[in-house]
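This report examines a protein model from its overall fold to selected local features. Please view the sequence and the structure together while reading.

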Amino acid sequence: RELPLPPNDALDIADKLVARAANVHTIDIPRIPTLDRKELFNAVFDVARYRPPPSIVLPIHYTPPDLAISKLYWKGWILLLVLSAFNPTTIGSIGWGEYPTLRIMMEMVMTQNYSLPEDTPAMEVKLSREEKDLIL
């Protein structure tokens with residue numbers, strides 16, 4: 001689906017809106033809307049997806065691989081992390097149960113230990129397979 005603005009601008013706007021809302025959020029007056037839709041994850045990953053420029057002519061039967069723009073991909077994860085913090089029973093629960101990368105990021109924030117577990121190579125392969133299956 002086409003966006004009326006470039007993907008990096010769309011993610012920048014979403015990131016700034018969530019950051020501003022998080023800065024003024026209080027228990028008495030919540031500013032972050034309550035979210036409970038799994039489609040949010042798909043929308044964030046869709047914005048981070050690489051799209052070849054229309055000027056490039058690809059062979060007729062060629063389907064380009066699904067790739068992500070790394071800067072947008074990681075900005076999306078941070079956005080989802082912040083949204084999970086303010087919506088722990090909905091977005092946080094979905095992220096914890098279905099997205100291993102988000103789960104590790106949540107654990108890092110909760111424990112204030114910002115290093116990966118020691119079994120990173122084996123775990124990374126497992127996580128990347130699980131995430132690839134979920135995203136694709």
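## Basis and overall fold

The model is predicted, with local features requiring pLDDT of at least 70 and side-chain atom pairs counting only at pLDDT 80 or more, while totals for chains, interfaces and linings use all residues. Residues are numbered from 1 along each chain as its sequence is written, and side-chain values use heavy atoms, with hydrogens and water left out.

The secondary structure comprises six helices and zero strands, where helices (H or I, at least four residues) and strands (E, at least two) are DSSP runs numbered from the N terminus. Along the sequence, the pattern reads α-α-α-α-α-α. The protein has 136 residues, of which 26% count as buried; buried denotes under 20% relative accessible area, exposed over 50%, and partly exposed in between (1.4 Å probe, protein chains only).

## Aromatic cluster

The whole structure holds seven aromatic pairs. Rings of Phe, Tyr and Trp (its six-membered ring) pair if their centres lie within 6.5 Å; planes under 30 degrees apart are stacked, over 60 edge-to-face, and the rest tilted. Phenylalanine 45 and tyrosine 73 are both buried.

Tyrosine 73 also pairs with tryptophan 77: the ring centres are 5.9 Å apart and the planes stand at 90 degrees, so this pair is edge-to-face. Tyrosine 73 and tryptophan 77 are separated by about one helical turn because they are four residues apart in helix α3. Tryptophan 77 is buried, as is tyrosine 73. Ring pairs connect Phe41, Phe45, Tyr73, Trp74, Trp77 and Tyr99 into a cluster.

## Second largest pocket

Helices α1 (7–23), α2 and α3 each contribute at least two lining residues. Helix α1 provides the largest share, five residues.

## Surface patch

Tyr50, Ile56, Leu58, Tyr62, Leu67 and Ile69 make a nonpolar surface patch of about 520 Å². Isoleucine 56 lies in the loop between α2 (39–48) and α3 (70–86). With 43% relative accessibility, isoleucine 56 is classed as partly exposed.

Patches consist of residues with over 30% relative accessible area and no salt bridge; like charges are joined within 9 Å, and nonpolar side chains (Val, Leu, Ile, Met, Phe, Trp, Tyr) within 5 Å. A salt bridge is a side-chain nitrogen of Lys or Arg within 4 Å of a carboxyl oxygen of Asp or Glu. Accessible areas come from the Shrake-Rupley method with a 1.4 Å probe; for residues, only the protein chains shown count as cover.

Valine 109 is part of helix α5 (residues 100–111) and is partly exposed, with a relative accessible area of 43%. Its C-alpha atom is 9.3 Å from that of leucine 81, a residue 28 positions away along the chain.

Glutamine 112 occupies the loop between α5 and α6 (120–135). Although not a glycine, glutamine 112 has a positive phi of about 55 degrees. Glutamine 112 is exposed, with a relative accessible area of 64%.
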